[in-house]
Amino acid sequence: MFPDPGSLGNKNSSSLMLCSLLSTSELEMKYGTSIDKGLSSARAAEILARDGPNALTPPKATPEIVKFLKQMIGGFSILLWIGAGFSWISFGIHNYKEASRSHQLYLGVVLALVVILTGIFAYYQEAKSTNIMASFSKMIPQVRATVDNSSLTGESEPQSRSCDFTHENPLETRNIAFYSTTCVEGTATGIVINTGDRTIIGRIASLASGVGNEKTPIAIEIEHFVYLVAGVAISIGVLFFIISVSMRYKILDSIIFLIGIIVANVPEGLLATVTVSLSLTAKRMAKKNCLVKNLEAVETLGSTSIICSDKTGTLTQNRMTVAHLWFDNQIYSADTSEDQTTQPFDQSSPTWTALSKIVTLCNRAEFRPGQENLPIMKRVVVGDASETALLKFSEVILGDVMSIRAQNRKVAEIPFNSTNKFQLSIHETDDPQDKRFLLVMKGAPERILERCSTIMINGKEEPLDSEKAEAFQTAYMELGGMGERVLGFCHLYLPENEFPETFQFDTDSMNFPTSNLCFVGLLSMIDPPRSTVPDAVSKCRSAGIKVIMVTGDHPITAKAIAKSVGIISATSETVEDIAKRLNIPVEQVNRREATAAVVNGMELKDMSSEQLDEILRNHTEIVFARTSPQQKLIIVEGCQRQGAVVAVTGDGVNDSPALKKADIGIAMGIAGSDAAKNAADMVLLDDNFASIVTGVEEGRLIFDNLKKTIAYTLTKNIAELCPFLIYIIASIPMPIGTITILFIDLGTDIIPSVALAYEKAESDIMNRRPRNKRRDRLVNQQLAVYSYLQIGIMQSVGAFVTYFTVYAEQGFLPSTLLGVRVNWENNAINDFEDSYGQQWTHYQRMYLQWTGYTAFFVSITIQQVADLIIRKTRRNSIFRQGLFRNKVIWVGIFSQIGIALILTYGLGHVTALNFTPLR
Amino acid sequence: MAKETQKPFRQSMAEWRQFIYNPNSGEFLGRTAKSWGLILLFYLVFYGFLAALFTFTMWVMLQTLSNDIPKYRDRISSPGLMISPKPDTALEFYFNKSDSQSYAEYVTTLQNFLESYNDSKQSQNIDCARGKIFEQSEAAVKKACRFNLSDLGLCSGKEDPNFGYSKGTPCVLVKMNRIIGLKPEGEPQIQCTPKEEGMVSINYFPRDGAMDLMYFPYYGKSLHAHYLQPLVAVQLAIAPNATKEEITIECKIHGSPNLKNQDDRDKFLGRIAFKVMMSE
């Protein structure tokens, strides 16, 4: 269904390839345009007419009316429609034959109303929750400058663009820029070679919509449940249809029994309740920064067993931060938390004073004005990532950096470029006595070291001998090994005699020394993990969820972050680690011993799916580094082959196939592209991995609570069904009417069953394994048996005691009721004798029968109150769970009693509803 | 994406057979004999207990009831009217006055119904004071008032064993439903009106269709064993021009403010309508 993502760049992009090979003039020829003038407006209009506007075709949405109709016939609705149909048919026949049987008509109307109303309700709930629509950004034509391709390829570093053809894959070559990418720096002119759906992103978007939407686990569970209940309803219905026909009931009567049995068996209110519970949870999750687009995704998150997480922004803070320093032959570590206000490391050494001055001065980044009241870490900076990190670092330690820079006026500057790999500036000093200029320089450590002849130790310049150079190397390797980006810093006070105050520095000819400088120290930076992530990862771990990191970053960096957040735990080793420890070649290591694995995207490319499966099976801690977003899809598919429910995070457009493919796609709210948000089921508003974990918790809770709701709802079905069965077999007066049943299902029971969604977690639900989607069903045998055969039977017994009591107290002792049905219901018998010799008219008997309905109804309602309290807990004792922790339950109980009172006493005189006031 | 691979039929059959009886583990329908036994035992005990509980609560409930009168009588505050004979189908009489077979059923029903009103059956009954309620709530044994069959005159069956059916003057007995403790006020009487004018003339026995108050109140089957409810016989003299016509007759109880006869929902409360069609 989905083509091998690796071929994406090659397949059907021959025109792109061709374009990347052609020279500018050839391109002009091919597209009939000119670099300077562009297309003539006539030609432009012609192309527009041919290709349509430069916009992506929105994914094919299901028409609203179809969605609505689906709600109308989905689930139990079809059963109820059948019931309504039968009612009308029987009404029609009756009407033709003997008239005045409007009861059947009412029943049909009520059933149809029930279906339509619950359908509208479910449709409304669904519609409310989906409102993030695609809006793709403007076209950036094919420019030649530095572009940020992150939304397309996931590369976090900006890519330079030039006129050179560098790679045959259009995604790699440097002379093409893409739709939806942004130009971060520089200017360029380009020729538009493709628009709309024919752009790379257009193709990806169409691939994403090609990946089918899988059924969510909860949808499968509910379907299973519907089949189960419908199966029970139909088989009991048909069984009793046959029984009643063979007991010589009229066919029409038997059909009415069939309707009664179906109505009694179908929990009409349940699907609406489930929708409400899910949307309540969705609301709760939105408060915790998980915006759920598809209601059912709420539960999917709870059954997640593998999370494939991005690194940048999700696990990390998405900003470079100074993590370590090396000066005076010693490594210091810096605070990398989100809200640092001071730095705790030792700042007494004069070397630090010198280093801090270089860090402050040799830096072009500046704060945007007007943010003085914001915490330093939150301020917006103009400048690249590393400079921003350094600026904030020095602002935290030294205070007002801008005034320090003002006191040390800058006289000359060479900005960083990729050939020099250093940045240099020359300043006046803030000491008015000292007329020397200070030259400061930072850059790639090895390049900086090359230019130095001395090194500062404890404030004194000492010659840079091989021993000190060795120390430098060790520190550099160590910092680099932690996946950090290392910068070297050096300075030189220019001699006053050679460079007087009036000296004109010329940065082109470099009329100043750039060697024999004094090396001061190293600073290393990293995009540090969010402080909440390690805790969240360990929560996942105890919840049996495997966290896999999938990143485009360098393996070393990826591994370092994975270790620091606990994705790779402290004790586990990769194959390479074991090889290094035992000092043996990698090939000889027993792969089973390694619990962790860091897989490079290049390795992944050559792997067969069996090999990938093996990795996914054998290693508990996996990091995929240097992966392209397309490989993400392969990883997701691999995980799904293991039978896992996979959650995937992503932000780029290229992630959208993987997001679609995943059981639950999670897009980043801040960094995410619209395409990703569109493909995802859930949006993380704060891009924070920890929010996923709260989502998982909520998802598991809702599954538990839905179980309770269903158990609660199913129980009374038996108490509604038994009357019919006994009515048919023992021929007693009808104990409960179909409409009364609907009043229980859709009246008294609705609010309590929603209230169960507010139930708190019983045990620590984050300490158990994710549910196995094949074994741990929403409705399993135990639940059905417990509800139907145990509590349900008890309820029926209770309700029948009430029923017999009502009749006995009015004069019909239980023994006289058996076998009485035909005469009881005979319209022409108006002197029906009771146990005390009194005689009843038909209407008086019916009125008594409705009193019986009402009593049966009240009995079930009250027993449902007790059932509600039983269902509050499944494992804990009711006292441990607390009777009053879930206040909504009490709202439910009072509403239940209130509705019952209104129905019995308020509506006692509406004949159609068959309620009578009770004594 | 769980791709359902279609299992070969033979394999799924084998799985079913395995499920029904697994010879290796001795499992029948997924459970061993012991497990099934325990489950059966559990449900036996559980349902046994429930049945006992049901029986016990029913017994307790029945203990609270009196043998003589029902606990509540609020669902029958006003009596319904009924006729005898009651035709099988609906309240419609069809007969041919010259064909005794056509009305034999009505005659037998009337004879059977009036059996209990025979003087020989009423030996224990007393003659009560006419025209007033026969209050006897103090008495341990409630006496029943005598109902003289002769009060029914031509419809008593004594003079005309065919109750007038052979003469085109059929008799229909109207009775009021028994309700324990009901004491009609005023002077209740049955009045019947044909829907169509001039087709039938109506005679009442006793005179004016009166129901004597001495037959009230009723004390219930067990206390008031020989009680006979008062009857009003309605003799319909069908006009010769009205044969083969369907005549609708509605009888109502009048003259008693506490006996309803105009309820919207209950068409039999204090009234009854029936149809007669006679042919020759």
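A: Start with burial. Buried means under 20% relative accessible area, exposed means over 50%, and partly exposed lies in between, with a 1.4 Å probe and protein chains only. At 0% relative accessibility, C362(A) therefore counts as buried. C722(A) is also buried, with a relative accessible area of 16%.

Q: What kind of model is this, and how are residues and chains labelled?

A: This is a predicted model: local features need pLDDT of at least 70, side-chain atom pairs count only at pLDDT 80 or more, and totals for chains, interfaces and linings use all residues. Residues are numbered from 1 along each chain as its sequence is written, chains are lettered from A and ligands numbered from 1 in the order in which they are written, and side-chain values use heavy atoms, with hydrogens and water left out.

Q: How many disulfides are found over all chains?

A: The general idea is a distance test: a disulfide is a pair of cysteine sulfur atoms within 2.5 Å. A search of the whole structure finds 3.

Q: Where does the disulfide of C128(B) and C145(B) sit in the chain?

A: The sulfur atoms of C128(B) and C145(B) are 2.0 Å apart. Both cysteines lie in the loop between α3 (100-115) and β6 (171-176) of chain B, 17 residues apart. For these names, helices (H or I, at least four residues) and strands (E, at least two) are DSSP runs, numbered from the N terminus. C128(B) is buried at 13% relative accessible area, and C145(B) is buried at 3%.

Q: Which hand does the disulfide of C128(B) and C145(B) have?

A: Look at the torsion about the S-S bond. For C128(B) and C145(B) it is about -105°, so the disulfide is left-handed.

Q: What about C155(B) and C171(B)?

A: They form a disulfide with sulfur atoms 1.9 Å apart. C155(B) is in the loop between α3 and β6 of chain B, while C171(B) is in strand β6, 16 residues apart. Both C155(B) and C171(B) are buried. The S-S torsion of this pair is about -75°, so the disulfide is left-handed.

Q: What is the pairing when the bonded cysteines of chain B are numbered in sequence order?

A: The pairing is 1-2, 3-4, 5-6. By contrast, C362(A) is in no disulfide; the nearest cysteine sulfur, that of C490(A), is 8.5 Å away.

Q: What pattern does chain B follow along the sequence?

A: Chain B has 3 helices and 11 strands. They follow the pattern α-β-β-β-α-β-β-α-β-β-β-β-β-β.

Q: What radius of gyration does chain B have?

A: The radius is taken over C-alpha atoms, and the globule rule is 2.2 Å times the number of residues to the power 0.38. Chain B has 31 Å, whereas a compact globule of 280 residues would have a radius near 19 Å. The C-alpha atoms of chain B fill a box of roughly 90 × 55 × 40 Å along the principal axes. Buried residues make up 40% of the 280 residues in chain B.
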